Amino acid sequence: MGTVRQAAAIAGRAANDLLGFLVFTLLDLLDLLLCFSYKLADYAAEAQWKPCYCSFAGPGRSGAGGSGGVFVLSVLSSTKLQLEDISDTLFCRPSVVSDVARGALRKLNVLRSPPSAAVPVRVRPTRTRDGFTVNNSTVVRMPRGKVGGDKPSTAPFWSDCLCDSCCPRGSPDELYVHAECPKDGKVAEEDVLFIHGFISSSAFWTETVFRHLSTDARSRYRLLAVDLLGFGKSPKPADSLYTLREHVDTIDRSVLRRYGVKSFHLVAHSLGSLLALALAAKHPASVKSITILAPPYFPVPKGVQRTQYLLRRVAPRRVWPLITFGASVICWYEHISRTVCLVLCKHHRLWEKAFKLATRNRVRTYLMDGFFCHAHHASWHTMHNILCGSSGRVEECMDVVRERLSCDVVVFHGKGDELLPVECSYAVKARIPRARVEVVDGVDHITVVVGRQKAFAGELERIWRNAKAESTVVVD
């Protein structure tokens with residue numbers, strides 16, 4: 001019986017791999033066609049070519065190793081350029097079909113970037129004042145008018161939604177924060193900062209955990225749930241690179257400084273876990289406890305190119321399970337993912353009305369709202385620059401948490417998580433030995449919170465009380 005099951009599993013994996021090869025080959029071709037289509041559409045809508053990473057890839061575009069040759073990087077940020085923050089997976093995603101097609105088109109002089117589209121700047125291998133080394137010659141193409149600017153651009157692309165929720169009119173670097181303070185003018189004893197995951201929003205917390213915290217907890221804690229830069233009701237600047245540094249800095253300015261937070265507990269889900277660890281490393285004396293759920297941390301074997309390895313772990317180009325297929329499409333295909341945003345996010349109000357009509361308004365849609373209210377350039381850069389490009393810095397942050405913080409670190413992970421394996425959480429524990437890993441049976445990447453929010457709220461309150469008790473013992 002065991003042999004039959006093993007043979008069936010091997011056959012299933014082989015069928016999945018074969019189907020994946022066929023499907024992703026077609027998607028490679030589709031993404032290439034969409035590249036040309038969007039160039040024409042962008043020029044028609046905005047009278048200028050919009051830079052994209054695939055069409056700027058030059059003859060030195062490397063393969064899976066990601067080393068050697070000349071890389072071409074489309075930088076959309078008017079802020080100080082930090083090459084160490086930028087993942088090469090943005091412009092180096094190996095694809096046999098697209099490479100062959102682009103090579104043929106270049107020979108025919110079809111695929112050329114207009115001379116007015118970018119300003120090439122060559123960065124030689126050298127050590128900069130920031131202390132990092134550029135190991136490869138890098139051609140940085142910057143859109144004209146965005147080099148050396150003092151203020152970030154908030155002008156959305158024509159394919160983005162223009163509603164007030166998606167394009168807030170306030171400061172371009174001030175995040176939306178949902179704050180709940182104790183009632184009757186009581187001063188909160190402690191602050192708690194909640195950070196959502198990829199393509200989500202603060203509603204992931206406010207519609208679940210916030211509603212199930214006890215009256216005593218609400219009277220003690222000030223609850224702060226933030227929409228990350230580029231997501232939810234926060235600004236979505238078109239010239240941001242959405243790096244780990246930018247996300248952490250905007251949280252610092254919009255939450256910690258704006259609300260006068262001196263010490264705080266951290267609660268974060270999925271991609272937000274990496275931001276929470278980075279924020280804790282930045283403020284080691286201020287963090288009282290760290291609770292993270294389903295952290296996307298994959299240790300990289302020695303001798304392996306880091307970013308390309310992580311790209312294939314986060315998005316392995318498989319058609320099953322569906323959540324893995326979705327992650328693969330979002331991560332590998334710049335123009336297909338832009339089309340998804342054009343169809344769903346730009347017209348999110350229409351989809352929301354249709355869903356409410358179909359369900360007779362009986363189903364709460366906060367998860368859909370979190371997905372719909374994001375911009376493609378935000379999700380695209382966040383995915384690559386944080387999940388694929390910031391692994392080394394995240395490990396440095398975990399080392400700081402291990403060595404300089406003494407607070408509790410608790411990691412929750414759904415046993416049925418098909419997107420990120422439980423090994424990710426145990427890898428965090430291997431880096432931070434005092435971390436406590438809680439594997440929850442019968443839940444996945446989302447239902448580790450959604451559906452068990454009451455139980456999770458109780459677990460959070462116990463973690464916060466324990467942190468307060470330990471600090472009291474230290475003071476005594």
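Helices here are DSSP runs of H or I with at least four residues, strands are E runs of at least two, and both are numbered from the N terminus. The model is predicted, so local features need pLDDT of at least 70 and side-chain atom pairs count only at pLDDT 80 or more, while totals for chains, interfaces and linings use all residues. Residues are numbered from 1 along each chain as its sequence is written, and side-chain values use heavy atoms, with hydrogens and water left out.

View 1. Helix 1 covers residues 2-46, and L22 sits in it. With a relative accessible area of 47%, L22 is partly exposed (buried is under 20%, exposed is over 50%, and partly exposed is in between, using a 1.4 Å probe and protein chains only).

**View 2. Two rings, F194 and F210.** The structure has 11 aromatic pairs. One of them, F194 with F210, is edge-to-face, at 5.0 Å centre to centre and 65 degrees between the planes. (Rings of Phe, Tyr and Trp, the last by its six-membered ring, pair if their centres lie within 6.5 Å; planes under 30 degrees apart are stacked, over 60 edge-to-face, and the rest tilted.) This pair ties together distant parts of the chain, 16 residues apart: F194 is in strand 5 (residues 190-195) and F210 in helix 4 (residues 209-212). F194 is buried at 0% relative accessible area, and F210 is buried at 0% too.

**View 3. The ring cluster.** Ring pairs join F194, F204, W205, F210, Y221 and W464 into a cluster.
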